[in-house]
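Visitor: I am new to this structure and would like to learn how its features are read. Please take me through them one at a time.

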2 protein chains.
Amino acid sequence: MKDVAAHARVSLGTVSNVLNRPELVSERTRKRVLASIAELGFVRNESARQLRGGGSRTLAYVVLDATNPFFTDVARGVQEAADAAGLALFLCNSGEDRERQAAYLDLLEQQRVEGVLITPVDAADPRIGALAARGTPVVVVDRAAGPGHCSVTVDDLLGGDLAVTHLLDSGHRRIAFVGGPRTIGQVRDRITGAERAVARAGTGELTVLETARLDVAQGRRAGERIAGLPAARRPTAAFCANDLLALGLLQQMVRLGLRVPEDLAIVGYDDIEFAEAAAVPLTSVAQPRHRLGRTAAELLLAEARSPDGHEHQQVVFAPELVVRASTGLGPLRSSTVA
Amino acid sequence: MKDVAAHARVSLGTVSNVLNRPELVSERTRKRVLASIAELGFVRNESARQLRGGGSRTLAYVVLDATNPFFTDVARGVQEAADAAGLALFLCNSGEDRERQAAYLDLLEQQRVEGVLITPVDAADPRIGALAARGTPVVVVDRAAGPGHCSVTVDDLLGGDLAVTHLLDSGHRRIAFVGGPRTIGQVRDRITGAERAVARAGTGELTVLETARLDVAQGRRAGERIAGLPAARRPTAAFCANDLLALGLLQQMVRLGLRVPEDLAIVGYDDIEFAEAAAVPLTSVAQPRHRLGRTAAELLLAEARSPDGHEHQQVVFAPELVVRASTGLGPLRSSTVA
DNA sequence: CTCACGTTTTGAAACGTTTCACCAACGACG
DNA sequence: CGTCGTTGGTGAAACGTTTCAAAACGTGAG
């Protein structure tokens, strides 16, 4: 900047004014300074600027798995809100790695970002509370958070309930839940929601097929197990804890010559793009991913703007069931006695 | 830091030493200082550190579409290399938006990141060259770049050639290429590669079904068009410019009661996770995404380490064909006269 | 001609680190 | 008992901005 000042024959202060409050500078000198900037290829040093007092104009979203479309969709919502507020968004991928997440949090705090959105590896990580306590606004996304910060989640109980209610309404009575491990809170909640639906209906039976992970391969394995059962005991419908499982399950059914939905109806969860693209489009529980991200970012911005009088909020969104061919289109068969 | 120094009754310099060269400080004082740091919740100000001379220890990957699994896989490779080098990686999503990309590039340059990886909205964007010219190492990912910087790409001609050669080898003679628009360089290359394969074989015929985009819906539409042709003129195989098209095409075939691969063999491109998860697992041209990212990051790091004696390299990877059920498993029928 | 006033421009302080030359203390050594 | 080397610690300069009080400059009124 010194060079620019010298080149344009003005003082440092004037260059700064051209950059930050151009209305204070006369047309003539402003042009001259801008020309010098262009000629010298000057690029403002953000560190110095920030050191002197400017904020960082930057948000970060520490995402659990950048490979998972769920999070990238959430990120789109975040991006939108950040754009609207004139802030840049950095995506940080923890990749489910506690250590990397910690490294990112440290770095972001040191960089004094305006705020951090995070889907934490471990919802109870004390670092997150500590970060918030030291003054960086934090919003937890898609995980329940203590009262120490804002959070934005989707109601998994309701999701499980919706899915199974739909299956019960379609006449199914032997229903399998496919998903796991139960150590994942969301899996637990979806099971609980499913059980709630069965209990409320007063009919039907839910069997849990626990899987080791939530991926396509595990869905295929579950498919083998289901197909291996004698028809009389075999469930007529499966509710999968996510769409990857559901796709794997669907694939295995096709491979084994069973028909979907006639032999097995399938409900997935997340409504990823490929749920609709499947050979038999998947019924799935859709989460308002975009709104989730947007709302999370808005909460964050609100907190960043008024750090004091800020009430932490726990926003819970309701999921929606998207019915497609994998559960048939009307009742599958007239319901047996209720 | 001043507060920490006062609290621990040492000088500023000592606190800095504890942080940066702990071996210079006696055990006793080091402990005392660390205790003060913990007690006061001190967090180093990265801006000041960087201003004084430390590098930013940060890379950024400006990605074209964070929603696209291709890029997130590339990002994983980048992440790996960055981790190995002890650098943090920020993901920036331009979302195909020229303006946002420009904003990110400005910001990153102002933040003096160690280097920028980018899959640009427009391969010929002069800003990228300008950035490199001003001294920020830049590597272009998945797009050809001029001699001004390094780039890492995959050979799309070869990819198209592989796909169509495979179909020809399987006995197909009427082959459709599904994809578009042709304004996309990669689409053009894949077509050219496909044509090359046909020309080399000296038999077979390639029809281009141009699509408006590379998504599932367009794949479905292409499916309708193909299914609508009289069987005698209908292609027996389709090579899709990406897996989304292929999935849409597959779905439409299933919906219309045509069988894959018996009535139509399908080859996709990209080998996304869901290619294998499809009801009929998709044959697809796999790009070494992970290695792409890793290599790109390594080139970047090499350039960052020795800005002077750096030869810009254009690395081209070869794609590989992954054969699955969507093209059958052996020759479909004995080949007619060559 | 002087003054007051509004507009531009200037100069220096401040931001929070790192670094480096230098100082103090201390034991060892001749 | 002076000298030297070592070890641990200090203080100030420097990094590149922004900001703000004050200086400089016109300009029109009195």
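Visitor: Which element gives the most residues to the lining of the largest pocket?

Guide: A pocket is found on a 1 Å grid over the protein atoms alone, as an open set of points with protein on both sides within 12 Å along at least five of seven lines; lining residues have an atom within 4 Å of a point. Helices (H or I, at least four residues) and strands (E, at least two) are DSSP runs, numbered from the N terminus. Here α9(B) gives the most to the lining of the largest pocket, with 6 residues. The model is predicted: local features need pLDDT of at least 70, side-chain atom pairs count only at pLDDT 80 or more, and totals for chains, interfaces and linings use all residues. Residues are numbered from 1 along each chain as its sequence is written, chains are lettered from A and ligands numbered from 1 in the order in which they are written, and side-chain values use heavy atoms, with hydrogens and water left out.

Visitor: What is the volume of the largest pocket, and which residues lie closest to its centre?

Guide: A volume is the space filled by probe spheres set on the grid points, which are joined across faces, edges and corners. For the largest pocket the value is about 1,100 Å³. Its lining has 42 residues, and B:L64, B:R143, B:I184, B:Q186 and B:L214 are the closest to the centre. Among the elements that give two or more residues are α12 (273-277) of chain A and α5 (69-84) of chain B.

Visitor: How does the lining of the largest pocket divide by class?

Guide: Ala, Val, Leu, Ile, Met, Phe, Trp, Tyr, Cys and Pro count as nonpolar, Asp, Glu, Lys and Arg as charged, and the others, Gly among them, as polar. The lining of the largest pocket has 19 nonpolar, 9 polar and 14 charged residues.

Visitor: Which residues lie nearest the centre of the second largest pocket?

Guide: They are A:N68, A:E96, A:I184, A:L214 and A:N242, out of 34 lining residues. The volume of this second largest pocket is about 830 Å³. By class, its lining has 16 nonpolar, 6 polar and 12 charged residues.

Visitor: How many cavities does a search of the whole structure find?

Guide: A cavity is a set of points where a 1.4 Å probe fits but cannot get out. The search finds 4 cavities of 30 Å³ or more, and the largest cavity has a volume of about 140 Å³. Of the 14 residues lining the largest cavity, A:Q50, A:Q111, B:S47, B:Q50 and B:Q111 lie nearest its centre. In that lining, 2 residues are nonpolar, 10 polar and 2 charged.

Visitor: Which residues come nearest to DNA strand C?

Guide: A residue is near a strand if one of its heavy atoms lies within 4 Å of it. There are 23 residues around DNA strand C, and A:S11, A:T14, A:T29, B:M1 and B:R52 come nearest. Sugar and phosphate make up 65% of the atoms of DNA strand C that come within 4 Å of the protein. Helix α2(B) gives the most to this surface, with 4 residues.

Visitor: Where on DNA strand C do the side chains of A:T29 and B:R52 make their polar contacts?

Guide: A polar contact is a pair of N or O atoms within 3.5 Å; within protein, one must be able to donate a hydrogen and the other to accept it, and residues adjacent in sequence count only if both atoms are side-chain atoms. A polar side-chain atom of A:T29 lies 3.0 Å from a phosphate oxygen of DNA strand C. For B:R52, a side-chain N or O atom is 2.3 Å from a base oxygen of DNA strand C.
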